[in-house]
Amino acid sequence: PTSAQVSVVPEPGRFRYTLDNDVLTTEQRQFYEDNGYLLIKKLVSDEDIERFRKEFVRICKKEVNPSGAMIMKDESLRSQYGQSEKVVNKVQDFQEDKELFRYCTLPEVLKYVECFTGPNIMAMHTMLINKLPDSDIQTFLHPMHQDLHYFPFRPADLIVCSWTAMERADQDNGCLVVLPGTHKEPLKPHGYPKWEGKVNKLFHGLLDEDEKSPRVHLVMEKGDTVFFHPLLIHGSGINKTSGFRKSISCHFASSECYYIDVKNTTQEHLEKELLEMVHNKYNATSVELRDIWNFRARLVQGERINL
């Protein structure tokens, strides 16, 4: 069963970024249309979040080792804390971890995802972020960026990110920051920011960020979930507290999306960097960008068409 039954007569041309169904109100659809994001309060249960947290700790302690997952650490802390969550700032590509991947299959999440992608839904890119308390060199500041920069598939309007706060996220611990309405702009050139101190591998940012654009800090409580467009410019601040700010997210896409060749585009240098990393890690020389995404992608609802 899908939630895509049309309950009202659609007004042609009014909504570009959401599909006609009975889940979103007209006000919610208009908000996403104008701003490129939509926040749904208390969508994911405390019980589920607790299960994800426990699994994350097990991964940090190496009690489980999900195939294909990239576990990003702050190596400078390892001598102090060893194998613990105080060192791991991200688990990326957890599609082979049954417990964490449950997030991508939660009916309450997919109900909303379908409003943006339609009924055939692929989970394309998964992350559990553990924003560590930051040092003076702002190691865990994520520069403003558009997620589409990382994706070699289109159309952008059939891709959506679901991002759930695993505890309260606010300006003190580095909540998401969005630039409303920027989902209507094209994909911009990205690269490494010219910061003092350390730059995180693959944490690309906009090269020509407009500092004057109005920003919204998304203050979220545990279980709150924001859905946003892959062209929406966003980032996150530093964690000024002594605690950890966890979130779990998945980029979903319609399986009707298709892969594109990123050569001779602003994404070309990212492709080179990613392939180099895969070659070094797995000693795989004949891997293409599409192969990496085929490995990550999982069907979660409907049928697999292109992706």
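In the predicted model, helix α6 provides five residues to the lining of the second largest pocket, the largest share of that lining. Both α6 and α7 (289-296) supply at least two residues each to the lining of this pocket. The space in the second largest pocket amounts to about 320 Å³. Its lining comprises 16 residues, of which Gly 68, Val 278, Tyr 282, Ile 292 and Phe 295 are the closest to the centre of the pocket. By class, ten residues of the pocket lining are nonpolar, two are polar and four are charged.

Helix α6 (residues 268-282) also gives the most to the lining of the second largest cavity, in this case with three residues. A search of the whole structure returned two cavities of 30 Å³ or more. The volume of the second largest cavity is about 40 Å³. Around this cavity stand His 149, Tyr 150, Phe 151 and Pro 152, together with Val 262, Gln 267, Leu 270, Glu 271, Leu 274 and Leu 289. Seven of the residues in the cavity lining are nonpolar, two are polar and one is charged.

Turning to the strands, β7 (residues 159-165) is mostly covered, and seven of its seven residues are buried. The side chains of Ile 159, Cys 161, Trp 163 and Ala 165 point one way from β7, while Val 160, Ser 162 and Thr 164 point the other way; residues of both sets are all buried. Strand β7 pairs with strand β14 (residues 245-254) in the antiparallel sense over seven bridges. Within this pairing, Trp 163 has Ser 249 of β14 as its bridge partner. An antiparallel pairing of β7 with strand β12 (residues 225-228) runs over four bridges, and here Thr 164 stands opposite Thr 225 of β12.

Technical notes:
Residues are numbered from 1 along each chain as its sequence is written. This is a predicted model: local features need pLDDT of at least 70, side-chain atom pairs count only at pLDDT 80 or more; totals for chains, interfaces and linings use all residues. Side-chain values use heavy atoms; hydrogens and water are left out. On a 1 Å grid over the protein atoms alone, a cavity is a set of points where a 1.4 Å probe fits but cannot get out, and a pocket is an open set with protein on both sides within 12 Å along at least five of seven lines; lining residues have an atom within 4 Å of a point. Grid points are joined across faces, edges and corners, and a volume is the space filled by probe spheres set on the points. Ala, Val, Leu, Ile, Met, Phe, Trp, Tyr, Cys and Pro count as nonpolar, Asp, Glu, Lys and Arg as charged, and the others, Gly among them, as polar. Buried means under 20% relative accessible area, exposed over 50%, partly exposed in between (1.4 Å probe, protein chains only). Two strands pair if DSSP finds at least two bridges between them.
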